[in-house]
Amino acid sequence: MKEMTIDYALRATWQAVARMYNEQAKNYGSTMAVGFTLLSIDPKTGTPSTALGPKMGMEATSLSRILKRMEEQELIQRKPNPKDGRGVLIHLTDFGLEKRNDSKAAVLRFNEAIRENINTEQIEVFFEVMEVITQLISEKKIYSEINE
């Protein structure tokens, strides 16, 4: 049997998580992407539209489509940014806040199920490993010898 690569394990696990969240979101007439967006918008002050993409790790074009659909579904509204006359703040509507709470509950249920089945030390090591992987990638230490 071949050894499983780290990138394969990450990708396969994330795809399983995404499928699970999309199945849950479907019960609410939504998608995982909409739920993630709802959770990324500050429920009190709103979030600048320009900050939302980087915060979510998403390209502007993909985010624009999601925001347009969310606006049509009356989950969000765009308001001028009082601190930047050219900017726009994305605010949750009352309906958006309700759906945000549904999304938050799903995430908390997932985390609770994981914590019930994996001990604290293993979870801490998991987060440490994820942090190191992210750091290696951001510092371009993964493929640095190829780029030199």
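Analyst: Let's start with Asp-7, which is partly exposed at 45% relative accessibility (buried is under 20% relative accessible area, exposed over 50%, partly exposed in between; 1.4 Å probe, protein chains only). This is a predicted model, where local features need pLDDT of at least 70 and side-chain atom pairs 80 or more, while totals for chains, interfaces and linings use all residues. Numbering runs from 1 along each chain as its sequence is written, and side-chain values use heavy atoms, leaving out hydrogens and water.

The partner of Asp-7 is Arg-11, and their side chains form a salt bridge at 3.6 Å, N to O (a side-chain nitrogen of Lys or Arg within 4 Å of a carboxyl oxygen of Asp or Glu). Both sit in helix H1 (residues 6–26), four residues apart, so about one helical turn separates them (helices are DSSP runs of H or I with at least four residues, strands are E runs of at least two, numbered from the N terminus). Arg-11, at 43%, is partly exposed as well. In general, side chains of opposite charge can pair when their charged atoms come close.

By that salt-bridge rule the total is four. Another of them joins Arg-78 to Glu-71, with N to O at 2.9 Å. Arg-78 is partly exposed at 38%, and Glu-71 is partly exposed too, at 32%. Then there's Arg-86 with Asp-84, at 3.6 Å from N to O. Here Arg-86 is exposed, with 76% relative accessibility, whereas Asp-84 is partly exposed at 29%.

Now for the part I'd zoom in on, helix H2. H2 (residues 32–40) packs on helix H4 (residues 60–72) at about 85 degrees, and the two axes lie 10 Å apart (lines fitted to C-alpha atoms, for helices over the stretch in contact, with angles from 0 to 180 degrees between N-to-C directions). That angle is why H2 and H4 count as roughly perpendicular (65 to 115 degrees; under 35 is roughly parallel, over 145 roughly antiparallel, the rest oblique). On the H2 side, Ala-33, Val-34, Thr-37 and Leu-38 are in contact with Leu-63, Ile-66, Leu-67, Arg-69 and Met-70 of H4 (contact means heavy atoms within 4.5 Å).

H2 also packs against H5, with an angle of about 105 degrees and axes 9 Å apart. So H2 is roughly perpendicular to H5 too. Gly-35, Leu-38 and Leu-39 of H2 touch Gly-96, Lys-99, Arg-100, Ser-103, Lys-104 and Val-107 of H5.

What does H2 bury? The buried residues are Val-34, Gly-35, Thr-37, Leu-38 and Ser-40. Their cover includes strand S1, helix H3 (49–56), H4, strand S3 (84–92) and helix H5 (94–117).

Pro-43 is partly exposed, at 38%. Leaving out residues up to four places away in sequence, Pro-43 touches Leu-92, Leu-97 and Arg-100. Pro-43 and Arg-100 are 57 residues apart in sequence, yet their C-alpha atoms are 8.7 Å apart in space.
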